[in-house]
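Visitor: I would like to take a close look at one part of this model, and then to see how other parts of the chain are connected.

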Amino acid sequence: MSLRCDAFATSDLAEAEQHLQRNYGDVALRAETLSYEETSVGDERFALGELRVRGGYRAAADVAAVTIAVAERGYRWSTGDARGDGVDPVLFQPGAPMSCEVSDAQVRVVVLPLPALTDVARTVYNDDRIDVRFDAERIPDAALRRAWRSTVDWAFGSTASLSSELVRASVFRALAVTTLRRSPSPVIGATAPARRGVCTSPIGVRCASLRTTPHFRSRSPTRHPLPE
């Protein structure tokens with residue numbers, strides 16, 4: 001696995017849109033005044049991004065990977081019937097079109113490609129039939145939100161050491177396991193009967209139950225109205 005670092009800045013809407021499409025999936029932007037900056041680091045298994053937006057934009061997207069965003073202010077999102085702000089972490093996944101409005105905000109983003117996340121789930125649960133799919137965008141439990149934030153803070157605090165393959169592997173594993181446990185009931189599909197298990201990770205909370213679900217297939221993006 002090779003280290004990937006990127007730094008990008010623009011005030012041009014088309015350039016910002018192209019950058020987001022390269023890194024996040026099918027994205028369409030609208031903006032009048034926009035200054036967009038992003039630094040990111042990771043490898044083929046994960047990316048940690050820090051976005052700084054002055055002015056603002058609206059986006060409609062179907063992300064290419066599991067993408068988790070958090071921002072203290074200036075970030076509103078909508079997907080399906082759910083909507084909210086970025087104060088609490090929000091998870092977007094392939095095949096579930098989302099929209100967001102970002103204004104004068106600093107946003108932290110964690111990106112986890114589904115194949116890499118699925119490999120971890122199959123190892124943790126010892127079942128190679130598992131396909132990962134989450135049934136909620138937000139983390140409902142306060143303790144799990146604190147656990148996820150703690151892991152992400154540690155990951156971003158480790159960026160200076162990510163040239164080490166061992167550090168990157170540890171960061172990816174912690175992010176993946178904590179994301180899989182982000183909710184009391186994420187949908188983790190398998191053909192095996194429902195069961196429970198305990199994961200080993202720095203957070204030490206109990207794993208979510210497994211239950212049978214159909215194999216997930218991505219679909220063409222559908223635009224949703226932005227939050228009011």
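In which loop is asparagine 126 found?

Guide: In this predicted model, asparagine 126 is found in the loop between helix H2 (114–124) and strand E10 (131–133). Asparagine 126 has a phi near 55°, a positive value in a residue other than glycine. Most residues other than glycine have a negative phi. Asparagine 126 counts as exposed, at 71% relative accessibility. A positive phi, near 45°, also occurs at aspartate 104, which is placed in strand E9 (residues 98–112). Aspartate 104 is partly exposed, its relative accessible area being 37%.

Arginine 108 and aspartate 153 meet through their side chains in a salt bridge (3.0 Å, N to O). Arginine 108 lies in strand E9 and aspartate 153 in helix H3, 45 residues apart. Both are partly exposed: arginine 108 at 27% relative accessibility and aspartate 153 at 47%.

Helix H3 (residues 142–157) also holds arginine 149. The side chain of arginine 149 forms a salt bridge with that of glutamate 72 (3.7 Å, N to O). Glutamate 72 belongs to the loop between strand E5 (66–71) and strand E6 (75–79), and 77 residues separate the pair. Glutamate 72 is exposed, with a relative accessible area of 58%, whereas arginine 149 counts as partly exposed at 26%.

The count of salt bridges comes to 15. Elsewhere, Asp43, Arg45, Glu165 and Arg168 are linked in a network of such bridges.

How values were computed:
Residues numbered from 1 in each chain as written. Predicted model: local features only at pLDDT ≥ 70, side-chain atom pairs only at ≥ 80, totals over all residues. Heavy atoms only, no water. Helix = DSSP H or I, 4+ residues; strand = E, 2+ residues; numbered from the N terminus. Buried < 20%, exposed > 50% of the residue type's maximum accessible area, 1.4 Å probe, protein only. Salt bridge = Lys/Arg side-chain N within 4 Å of Asp/Glu carboxyl O.
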